[in-house]
Amino acid sequence: NITLMCLTPYTVTDRNGKSLIGAANMAANDINANREILPNYRLQLEFLNSKLDGPTATKEIIDSISRSPQKIAIIGPLLSAATEYSASMAKYWNLVQIGYAATTIALDDKIAYPYYFRTSVTEKSYTAARLAFFEHYKWHKVGIVHSSSGAYPKIALKVQQQLIQATINVAVLESVDKDPTFAIKSLMTKDVRIIIYFGSTDATRKIMCSAYHHRYYGPKYVWWFQGWLTSNWWLSQDPSLNCTSEELFQAIDNNTFYTKNPIYTTSNIVTPSGKTGRQFYQDTLKMVNDTDGSLGLSNSIGTIYDAVWSIALGLNRTEQRLAADNTSIANFNYHDTYIRSILVEEMYKLSFYGVTGFISFVNEGSRPGDVDIWQQQGWDTRVNVGFYDIEHNKLRINNSSIQWPENKPPQDHLIVEVNIKNIALELLIPFSVTSGLGIVFSLSIMLYVAMKRNNRQIKMSSPKLNYCILVGCILCYSSILLNGMDGGIVGYTNRKYTCVAEIWSLSLGFTIAFGAVMLKTWRIFKIFNNVTKVKLIIKDKHLILRLVELLTIDVIILILWILIDPIITKEVNIGIRTYNDRQTINRVQVCTSSQSIVWLIAIFSFKLIMLLYGVSLAWRTRKVSMVSLNDSRSLGLTIYNIFVLSSTGVAVGMLSNSILNVGFALKSAFVILCTTSSICLVFIPKLEERLQKFQLQENYDQTTEERIEVLEMMPR
């Protein structure tokens, strides 16, 4: 006789125990009836009640070892936690152990569990099935919650690693001890909608009760549970649970999925026992007198059947190898490392088709397995909605069976759509065209001044400084075009460059244009207030040098700004709209830097000093009326105009900086108004004067011609 220990948490009087023990005995009987498998031996099983407890399972094994007959291997137990207890201990007696229900990936650790194998489908296969399901519905963000006791923490960590390797964002990994409130709030804070839970039945009830009270359920959420949970696991009489069974079911109906391995394979491949998967299942139903399957069987009847066959096939191969050494497995004892090592080697070499599918232990002693995906639909109904073929990595979803509360699968997160607003074309085009016309207007006046530079009136108004005024105005007009070049035109990453160019062109343009006007007024002031008898001569080149000095101050401030505190673009929210699972955030790009207010104060202070000084000059020269300085009056008006419009424009611009279209329109309007009015105040009077003189000359010439004609007609 060859005796195997077989641990189950049930007795033959339990429904699950009857089917489990019956399936194991059926395997032993089929093996003993097969003369090609262990022909000189009779396989017998010693059943031990592990009572769903690790220490109990370990004690049962030790007690069995201490009594006859000699055992050569262990089958079971059922739970992962109990298996970790027993497998970590059984190695000291050189006992090979094969599991039929434990799913934790932690048992793949060959250092801790060197002689452990299993026919049960592990969490690695279940996670692969979930990954295929997630990929089908484009879910890439999940949360994992687990009980803090037993093997669940190790399972959760291993699953997390597997998900991360598949580029799934595990946004939350939380452990639950007594109160699951913190875990639920963490899921809500991170907006996790796809949750995988590992825990006992009681712990599962607690977390779903907390989810119910926090309203963390409904069509937006999907919970994934382990498939061994019973069909009505939410039924509870626990007085400490602050939920009724109906409330728990409300939280899970149509929103929960379960992963479990098929009880048997539907393939027609004949196994070493001579049965197909379907034949095995029918034989098991007859054995427990459940011909129609209404009583329900343990989910592990197929895997325990294959576990017994796996150890038998491994022992058969070991016996064949030992025969060459004139020994046999009958000589095994708990100190025999040689027979144990050969058995382990032969187990790794096994490859056969069992009643639950293909079995091989090359993957760290665990077999890859197919997975059924079930959905809770109704009070006592779970519907098989998917099948994962792990050999071909293929998921088949029964779309006609799966149900979604809103007739569509939920999103794995709130879809946030960021919409960066650009300047409206109905504003951009008119202001850009107006600015372009302003530039053309300035160039036309510049050309006219150049053509009439020898004219006395033009000479007296300092044409070189007039050029400076017009160049400054062109830069101011250009700043509007640069301000309109937002991310929609130049690209959002390049917007900061047009921001810098806009600031430079407007700042330098103002300094050049206003500085030239102010210096021309300063010359009038100096000449008019000259109390010495020495003739005062201030040439244009002296004024231009002073203008360069003013410009240098501007350039130094701007260069220091760029070097010390570079300008960047920042997106500012201007409105958020949420509808169903989609949120639209409207943003605008604004130009800023960490200390932008300091630099703006420096620039505005410099400009303000210029403005105030210019206003004081205009006031002190308001009564000057000299033919040789024929634009003194217009220069004073220009300074007043620039002071008023610039001050107002700066205030309005700062207040409307983050209001995209309004800000652009107001800033552009003030720049155009200020620049154009300044050009008109400085140059239009000269043009009018020139036209009047041209008209007087034309009238004089016409009168002269008429007098000559009269004289010629008079008799001599």
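Where is the place of Asn 483? In this predicted model, Asn 483 sits in helix α14, which spans residues 463-484. With a relative accessible area of 8%, Asn 483 falls under the 20% cut-off and is therefore buried. Its surroundings can be listed by name: once neighbours within four places in sequence are set aside, Asn 483 is in contact with Ile 423, Arg 495, Glu 502, Phe 664 and Lys 667.

A step back gives the overall setting. The protein contains 20 helices and 18 strands. Of its 716 residues, 51% are buried. Contacts also reach across the sequence: among those between residues at least 6 apart, 72% join residues at least 24 apart.

The sheet comes next. Eight strands make up an open sheet with mixed pairing, and their order is β7-β6-β8-β9-β10-β13-β14-β15. Strands β7 and β15 (394-397) form the edges, each of them pairing on one side only. From one strand to the next, the twist averages 25°.

Two of the pairings can be followed in detail. Strands β6 (residues 141-147) and β7 (residues 169-176) run parallel and are joined by seven bridges. Within this pair, His 146 is placed opposite Ser 175 of β7. Helix α7 lies across β6, β7, β8 and β9, and its direction makes an angle of about 170° with β9.

In α8 (residues 245-252), the buried residues are Ser 245, Leu 248, Phe 249, Ala 251 and Ile 252. Viewed down the axis of α8, these buried residues fall within an arc of 155°, so they line one face of the helix. The buried residues of α8 pack against α7 (201-213), β10 (256-260) and β13 (371-376). Just after α8, Asn 254 adopts a positive phi of about 65°.

Side chains of opposite charge can pair when their charged atoms come close. The count of salt bridges comes to 16. In one of them, Asp 30 pairs with Lys 275, with the closest N and O atoms 3.0 Å apart. Asp 30 belongs to helix α1 (residues 15-33) and Lys 275 to the loop between β10 and α9 (277-287), so the pair ties together parts that are 245 residues apart in sequence. Lys 275 has a relative accessible area of 12% and is buried. Lys 275 also forms a salt bridge with Asp 283, where the closest N and O atoms are 3.2 Å apart. Asp 283, at a relative accessible area of 28%, is partly exposed.

Another bridge connects two helices. The side chains of Arg 321 and Glu 346 meet at 2.9 Å, N to O, in a salt bridge. Arg 321 lies in helix α10 (residues 301-323) and Glu 346 in helix α11 (residues 337-349), and the pair links distant parts of the chain, 25 residues apart.

Val 548 and Thr 511 are 37 residues apart in sequence, and their C-alpha atoms are 9.6 Å apart in space.

Notes. Residues are numbered from 1 along each chain as its sequence is written. This is a predicted model: local features need pLDDT of at least 70, side-chain atom pairs count only at pLDDT 80 or more; totals for chains, interfaces and linings use all residues. Side-chain values use heavy atoms; hydrogens and water are left out. Buried means under 20% relative accessible area, exposed over 50%, partly exposed in between (1.4 Å probe, protein chains only). Helices (H or I, at least four residues) and strands (E, at least two) are DSSP runs, numbered from the N terminus. The arc is that of the directions from the helix axis to the C-beta atoms. Contact means heavy atoms within 4.5 Å. A salt bridge is a side-chain nitrogen of Lys or Arg within 4 Å of a carboxyl oxygen of Asp or Glu. Two strands pair if DSSP finds at least two bridges between them. Axes are lines fitted to C-alpha atoms, for helices over the stretch in contact, and angles run from 0 to 180 degrees between N-to-C directions.
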